[in-house]
Amino acid sequence: AEYEQEYGADSELLSAQWFDAAEEFDGDDQLFAKGYQTLVDFIAKGLSIKTNCLVQQVLQTAEGVTLKTSQGEFSAAALILTVPLGVLKAGSIAFDPPLPNASREAIAALQMGLLNKCYLRFDQPFWDTTQDWLEFQGDVRGEFSEWLSLTRVTGKPVLLGFNAARSAHALEHLSDSQMVARAVATLSTMLSKPIPTPTSYQITRWAQDPLALGSYSYTPVGATPAHRDDLAAPVGRMLLAGEACSREYFGTVHGAYLSGVEAATQVLEMLADEVDEQA
């Protein structure tokens with residue numbers, strides 16, 4: 001359960017050699033009490049951002065890159081494409097010319113994991129709020145096997161239940177009310193007592209999100225860290241970036257961020273070299 005919660009995949013699908021090949025930073029975990037939007041808003045300051053604009057095709061020429069989107073065409077000297085691996089695997093974006101073999105093989109080899117969350121808020125805590133983690137081994141493999149109490153950090157009576165891999169895929173098809181009922185029943189079994197009805201809830205269904213089609217990448221049997229290097233390699237005037245492109249920190253927000261920084265550095269170097277050549 002620990003492996004499946006961490007990597008979002010059934011344990012028998014993970015590469016025994018490479019599944020945990022990522023690096024880690026020192027220090028304690030930190031929680032964004034107001035969500036990751038806090039980080040996004042900070043990074044986005046001063047930038048021109050167009051939302052609700054689906055990319056449909058990437059066209060490369062010797063002069064630059066053109067994006068064909070749901071809101072028209074946009075052209076630039078270079079492109080950093082950061083769509084999730086799930087979108088690349090679905091073929092939602094057409095590439096002209098087609099991606100090279102190494103890129104396509106990397107997309108095929110790496111897989112998209114699934115980790116969903118179910119937040120339940122109550123009038124008041126009915127659990128030991130001095131403990132952050134509540135673990136459970138039930139009859140159904142992996143179903144709501146891990147819970148995180150957010151009370152100590154946020155001061156709010158909120159429990160967060162996790163579902164990963166096969167249990168996450170199965171539960172995504174439940175309605176909100178069915179999901180909440182399943183979660184409440186699990187908590188009641190865990191704590192050996194009836195529990196109150198939540199006052200509110202929030203549920204993720206990442207596999208059904210067409211702009212994600214999963215939560216984050218994992219390394220399955222047959223894939224290696226080299227596939228992530230191939231995915232991040234320049235393709236003409238385009239670079240792919242995101243957590244799946246991070247050899248050291250795949251499956252994480254900081255991996256996605258650092259991959260973008262690296263891609264931006266390469267683009268700047270490429271454009272600077274072109275200016276030097278023209279001079």
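I began with Ala244, which, leaving aside its neighbours within four places in sequence, is in contact with Leu85, Leu110, Ser217, Arg228 and Leu231; contact means heavy atoms within 4.5 Å. Before going on, I noted that this is a predicted model, where local features need pLDDT of at least 70, side-chain atom pairs count only at pLDDT 80 or more, and totals for chains, interfaces and linings use all residues. Residues are numbered from 1 along each chain as its sequence is written, and side-chain values use heavy atoms, with hydrogens and water left out.

Where does Ala244 sit? I found Ala244 in the loop between β13 and α9; helices (H or I, at least four residues) and strands (E, at least two) are DSSP runs, numbered from the N terminus. Ala244 is buried, at a relative accessible area of 5% (buried is under 20%, exposed over 50%, partly exposed in between, with a 1.4 Å probe and protein chains only). I also checked Gln111: its C-alpha is 9.1 Å from that of Ala244, though the two are 133 residues apart along the chain.

Next I looked at α9 itself, residues 253-278. This helix has 26 residues and reaches 38 Å from first C-alpha to last, close to the 38 Å expected at 1.5 Å a residue (1.5 Å times one less than the number of residues). Its buried residues are Gly255, Ser259, Ala263 and Val267, and their cover includes β4 (79-81) and β13 (238-240).

Then I turned to α4 (101-109) and α8 (225-232), which pack at about 130° with axes 8 Å apart. Axes are lines fitted to C-alpha atoms, for helices over the stretch in contact, and angles run from 0 to 180 degrees between N-to-C directions. The pair is therefore oblique, as angles under 35 degrees count as roughly parallel, over 145 as roughly antiparallel, 65 to 115 as roughly perpendicular and the rest as oblique. On the α4 side I listed Ala102, Ser103, Glu105, Ala106, Ile107 and Ala109, and on the α8 side His227, Asp230 and Leu231.

Last, I went through the backbone. Most residues other than glycine have a negative phi, and most peptide bonds are trans. A cis bond joins Asp96 and Pro97, with omega about 0°, and Pro97 lies in the loop between β5 (94-96) and α4. Phe144 has a positive phi, near 45°, and is buried at 0% relative accessible area. Leu213 has phi near 55° and is partly exposed at 31%.
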